[in-house]
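Subject: Structure for you to look through

Hello,

Here is the structure I said I would pass on. Please open it and keep it beside this message while you read.

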Amino acid sequence: MHEHICTSSMGVATHYPQLYRADYEDRIIRDLEDMRDNGVSAAVDAAPVCLGRDVRLLKRSGGRTGVHIIATSGRLGRFHLACDVERRTDTRWRPVEARETVLCPGVTVLNLGSGHSYGMLGMLAELKEGNFLLVFDAVYSAAHFGPPAQLAGVMWDEAGYFAAIAYLRTCAAEHGAKIICGHDMAQVQSLKDCYE
């Protein structure tokens, strides 16, 4: 699964105004601290620019809580100017160019290329409980993963989408990893959460 630590698009603000109370940043900090205190050391934020990704808030929240926040949606520079984002946020972005990049022992970032959106990332987490392949928005649900693979929602690159699924199947088989889709409520309900 993945997080949208903070959203601020007009549609969300209109339909969920309770999310925009004056203490929203403090609530985010409390939630991240609670996650940290229950053994979560990193969170993957998949909020795209159009959903109001606030990299300054992500940086502050991670700094205040010690939770490593990984922003995964899209390739920097495609939708906005990298130099402007870096200058305003004092954030140093590093595009993931290689197919697989070891972030730390047991955590590998996977460059899935374009598909649902311009640049998709996944993550292989090798844990004592087993190996998990977090595919975020690259594949919405087990029904879309197939076989056979099915298209889902908005699509930037249809051929890239199916190529990413083929790669994820191979990677899962090679590592004996369970696929965790980004929006599969049945799957979410079957998982043990960090509070158990």
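His183 has a relative accessibility of 42%, so His183 counts as partly exposed; buried means under 20% relative accessible area, exposed over 50%, and partly exposed in between, with a 1.4 Å probe and protein chains only. His183 lies in the loop between β7 and α7 (185–190). Helices (H or I, at least four residues) and strands (E, at least two) are DSSP runs, numbered from the N terminus. The C-alpha atoms of His183 and Tyr140 are separated by 4.9 Å, although these residues are 43 apart along the chain.

Two notes on reading the values. This is a predicted model, in which local features need pLDDT of at least 70 and side-chain atom pairs count only at pLDDT 80 or more, while totals for chains, interfaces and linings use all residues. Residues are numbered from 1 along each chain as its sequence is written, and side-chain values use heavy atoms, with hydrogens and water left out.

The whole protein

The protein has seven helices and seven strands. Along the sequence they come in the pattern α-α-β-α-β-α-β-β-β-β-α-α-β-α. The protein has 196 residues, of which 40% count as buried. Contact means heavy atoms within 4.5 Å. Among contacts between residues at least 6 apart in sequence, 59% join residues at least 24 apart. The accessible surface comes to about 11100 Å², and 56% of that belongs to carbon and sulfur atoms; accessible areas come from the Shrake-Rupley method with a 1.4 Å probe, and for residues only the protein chains shown count as cover.

Two buried residues

Ser141 lies in the loop between β6 and α5. Its relative accessibility is 11%, so Ser141 counts as buried. Leaving out residues up to four places away in sequence, Ser141 touches Cys181 and Asp184.

Met123 is found in strand β5 (residues 120–127). Met123 counts as buried because its relative accessibility is 9%. Again leaving out residues up to four places away in sequence, Met123 touches a list of residues including Val44, Ile70, Leu110 and Phe132. Val107 is also one of those touched, and the C-alpha atoms of Met123 and Val107, 16 residues apart along the chain, are separated by 6.9 Å.

Helix α2

Helix α2 (residues 24–37) has 14 residues, which should span 20 Å at 1.5 Å a residue, and its end C-alpha atoms are 20 Å apart, so the two agree. The expected span of a helix is 1.5 Å times one less than its number of residues. The buried residues of α2 are Glu25, Arg27, Ile28, Ile29, Leu32 and Met35. They pack against β1 (42–45), α3 (55–65) and β2 (68–71). Just after α2, Gly39 takes a positive phi of about 95°.

Which form does the peptide bond from Gly146 to Pro147 take, cis or trans? It is cis, with omega near 10°. The peptide bond from Pro147 to Pro148 is cis too, with omega near -5°. Most residues other than glycine have a negative phi, and most peptide bonds are trans.

At the start of α6, a side-chain oxygen of Asp157 reaches to within 3.3 Å of the backbone nitrogen of Ala159. α6 has 18 residues and reaches 26 Å from its first C-alpha to its last, close to the 26 Å expected. Its buried residues include Gly160, Ala164, Leu168 and Cys171. The buried residues of α6 pack against β3 (100–104), β4 (107–113), β6 (130–136), α5 and β7 (177–181). Just after α6, Gly176 takes a positive phi of about 55°.

Rings

The structure holds one aromatic pair. Tyr161 and Phe162 form it, edge-to-face, at 5.3 Å centre to centre with 75° between the planes. Rings of Phe, Tyr and Trp (its six-membered ring) pair if their centres lie within 6.5 Å; planes under 30 degrees apart count as stacked, over 60 as edge-to-face and the rest as tilted. Tyr161 is buried, with a relative accessible area of 2%, whereas Phe162 counts as partly exposed at 30% relative accessibility.

The charged end of Arg99 sits over the ring of Tyr167, 3.8 Å from its centre. For this, NZ of Lys or CZ of Arg must be within 6 Å of the ring centre and within 35 degrees of the ring normal. The charged end of Arg169 sits over the ring of Phe145, 4.9 Å from its centre.

Regards

Technical notes
A polar contact is a pair of N or O atoms within 3.5 Å; within protein, one must be able to donate a hydrogen and the other to accept it, and residues adjacent in sequence count only if both atoms are side-chain atoms.
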